[in-house]
Amino acid sequence: MGKISNQVVLQKLSARFGTKILLSSEPQGLLTIEAGRNDILEILTFLKEDGELNFNFLTDITGIHYPERELPIGVIYHLHSFRNNVRIRIKVFLEDQNPSIPTATGLWHGANWMERETYDFFGVNFEGHPDLRRILNVDDMTVFPMRKEFPLEDPNRADKKDFYFGR
Amino acid sequence: MNQPVIVNNQERKETTTLNLGPTHPATHGVFQNVLEMDGERIVSGVSTIGYIHRAFEKIAEHRPFYQITPLTDRMNYCSSPINNMGWHMTVEKMLGIKTPKRVDYMRVIIMELARISDHLICNGILGVDTGAYSGFLYLMEKREHIYEIYEEICGARLTTNIGRVGGFERDFNDIAWTKIRKFVKDYPPVLKEFEELFTRNRIFMDRTQGVGAVDAETALSYSWTGPILRACGVDYDVRVNEPYSSYEDFDFDIPVGTTGDVYDRYMVRNEEMYQSIRIIEQALDMLEREPKGVFHADVPEIFLPPKEEVYNNMEALIYHFKIVMGEVDSPKTEVYHCVEGANGELGFYLVNDGGRTPYRLHFRRPSFINYQLYAPMSRGMLLSDAIINMSSLNVIAGELDA
């Protein structure tokens with residue numbers, strides 16, 4: 001168990017940012033907050049540098065796409081405080097067209113490739129990123145394949161049956 | 001690239017562009033490093049990855065939970081049971097399934113065997129890359145023994161598909177238990193012999209000490225985890241910090257290094273193998289006290305029925321079909337679960353909307369994150385040092401690209 005509770009983390013965040021923390025929940029015990037794109041860098045900096053919270057470790061950055069929502073593209077950060085052994089998840093939702101968010105590479109070097117991966121799959125523009133290129137897909141790809149508008153083809157398609165290929 | 005470098009006022013040199021990879025034998029996988037060389041020294045480098053990217057996260061969005069298992073096997077294929085178990089534990093965490101202690105201990109045994117098989121390959125290859133082949137051969141025989149254990153348990157050797165949600169497909173048979181006990185007894189002397197070949201070997205020490213040294217702060221900033229982070233002196237291990245599968249019941253040490261160089265990474269992995277043996281021995285003892293024959297949680301709506309019942313019992317056939325096709329009640333939630341993979345924190349971020357398949361599944365792959373520092377840290381190194389530096393990072397291409 002962690003040395004500080006989710007409530008303490010949330011209280012500190014609320015005291016510092018007030019209504020900028022949009023939503024909070026605890027799915028499976030992991031404190032999850034939602035924030036706006038203009039505040040994310042400030043929140044990440046606070047979480048990292050606050051002496052008590054000390055979320056010094058960036059575990060992961062990834063994206064998610066909810067096409068039916070007003071702000072469909074999500075960027076999800078997982079941070080970890082080694083000293084307190086507590087994790088936090090921060091979500092930021094962005095618009096569909098040219099989603100853009102400040103980069104976290106100034107805080108953690110490790111954010112570089114994680115953000116490149118998120119750009120590659122979801123098309124999120126990380127402002128100020130030193131080298132925002134595709135990382136796993138080919139450079140001349142024009143779409144962002146993890147978005148929900150690109151479903152995989154139906155595995156039961158009749159024209160893909162083995163006997164058409166002599167198998 | 002190919003920029004003239006002014007060494008002093010008189011002399012002008014041109015750098016050479018060298019492609020290390022994508023399929024260079026010394027890279028142990030399909031990834032490319034475009035290096036700018038000044039003689040044998042690396043001036044700068046750019047890493048390119050994605051050559052075997054197989055879109056696992058996208059495929060996972062179209063598959064029910066059981067059908068995702070084979071994808072996880074193919075990430076870190078040197079220790080696929082850890083990937084397997086990690087995935088199944090993530091699903092269990094989401095569904096709120098509690099596994100019996102005996103299952104936990106059996107999982108610990110398999111995961112530690114997988115860790116040993118991964119570390120022994122990594123350290124063996126490190127020896128090969130410094131020019132010593134025999135140590136690798138000593139250890140390969142032992143990896144074969146681990147694969148034989150997998151084979152007894154699930155029929156497969158490399159991509160094991162060894163677990164199920166809630167436990168294992170079947171109980172380990174007597175031959176498997178005998179082989180595990182034999183392995184635990186036989187392995188430490190072989191490892192000791194391997195250590196005697198390398199640890200105090202002058203050539204090995206000269207080749208590895210001070211090479212690729214990374215300080216703890218840089219390692220943390222680059223989100224490093226696993227043995228390479230511990231070699232820098234940070235004692236972060238998921239097994240201790242957030243115990244899963246009853247790791248809290250075991251008594252073991254977390255070896256840490258001081259310098260964070262290739263030699264320390266080698267030492268940390270070696271010591272971890274001894275600790276893994278220690279854990280397996282304890283698990284074998286603890287299993288004696290657990291009720292025999294329990295190999296899965298009592299969750300018939302999630303756990304696949306035994307094959308012989310599926311063939312002869314209508315009810316079992318219906319359950320089997322429903323489970324495989326993902327017709328399982330699951331909550332709308334999201335879960336992050338991580339395990340200590342052989343090369344770092346292997347995390348599964350699963351967002352479920354209650355449908356047949358995950359809404360989103362993201363793998364936090366330690367190889368992907370650990371490899372990021374490779375090109376920056378290789379600056380100023382000799383090419384031959386950069387090669388052993390890469391082996392010491394233990395980057396597995398399947399996991400890097402996923």
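In which sense, left-handed or right-handed, does H4(B) cross H5(B)?

## Two packed helices in chain B

In this predicted model, H4(B) passes H5(B) in a left-handed crossing. The contact draws on Ile110(B), Leu113(B), Ala114(B), Ile116(B), Ser117(B), Leu120(B), Ile121(B), Gly124(B), Ile125(B) and Val128(B) from H4(B), while H5(B) contributes Phe136(B), Leu139(B), Met140(B), Lys142(B), Arg143(B), Ile146(B), Ile149(B), Tyr150(B) and Ile153(B).

Helix H4 spans residues 101–129 of chain B and helix H5 spans residues 134–154 of chain B, and the two pack at an angle of about 155 degrees with their axes 9 Å apart. Because angles over 145 degrees count as roughly antiparallel, H4(B) and H5(B) are therefore roughly antiparallel to each other.

Strand S8 of chain B, which covers residues 332–341, includes Thr333(B). With a relative accessible area of 13%, Thr333(B) is buried, because the cut-off for that term is under 20%.

Beyond its neighbours within four places in sequence, Thr333(B) is in contact with Met94(B), Leu350(B), Val351(B) and Asn352(B), and also with Pro27(A) and Gln28(A). Met94(B) stands 239 residues from Thr333(B) in sequence, yet their C-alpha atoms are 7.3 Å apart in space.

## Where the two chains meet

The contact between the chains involves 45 residues from chain A and 42 residues from chain B. About 3600 Å² is buried between chain B and chain A, with carbon and sulfur atoms giving 57% of that area. Within the area that chain B buries against chain A, Lys58(B), Tyr359(B) and Gln372(B) supply 18%, more than any other three residues.

Note on methods
Residues are numbered from 1 along each chain as its sequence is written. Chains are lettered from A and ligands numbered from 1 in the order in which they are written. This is a predicted model: local features need pLDDT of at least 70, side-chain atom pairs count only at pLDDT 80 or more; totals for chains, interfaces and linings use all residues. Side-chain values use heavy atoms; hydrogens and water are left out. Axes are lines fitted to C-alpha atoms, for helices over the stretch in contact, and angles run from 0 to 180 degrees between N-to-C directions. Helices (H or I, at least four residues) and strands (E, at least two) are DSSP runs, numbered from the N terminus. Angles under 35 degrees count as roughly parallel, over 145 as roughly antiparallel, 65 to 115 as roughly perpendicular and the rest as oblique. A crossing is left-handed if the near helix is turned anticlockwise from the far one by less than a right angle, and right-handed if clockwise. Contact means heavy atoms within 4.5 Å. Buried means under 20% relative accessible area, exposed over 50%, partly exposed in between (1.4 Å probe, protein chains only). Buried area is the accessible area (1.4 Å probe) that two parts lose on being put together, summed over both.
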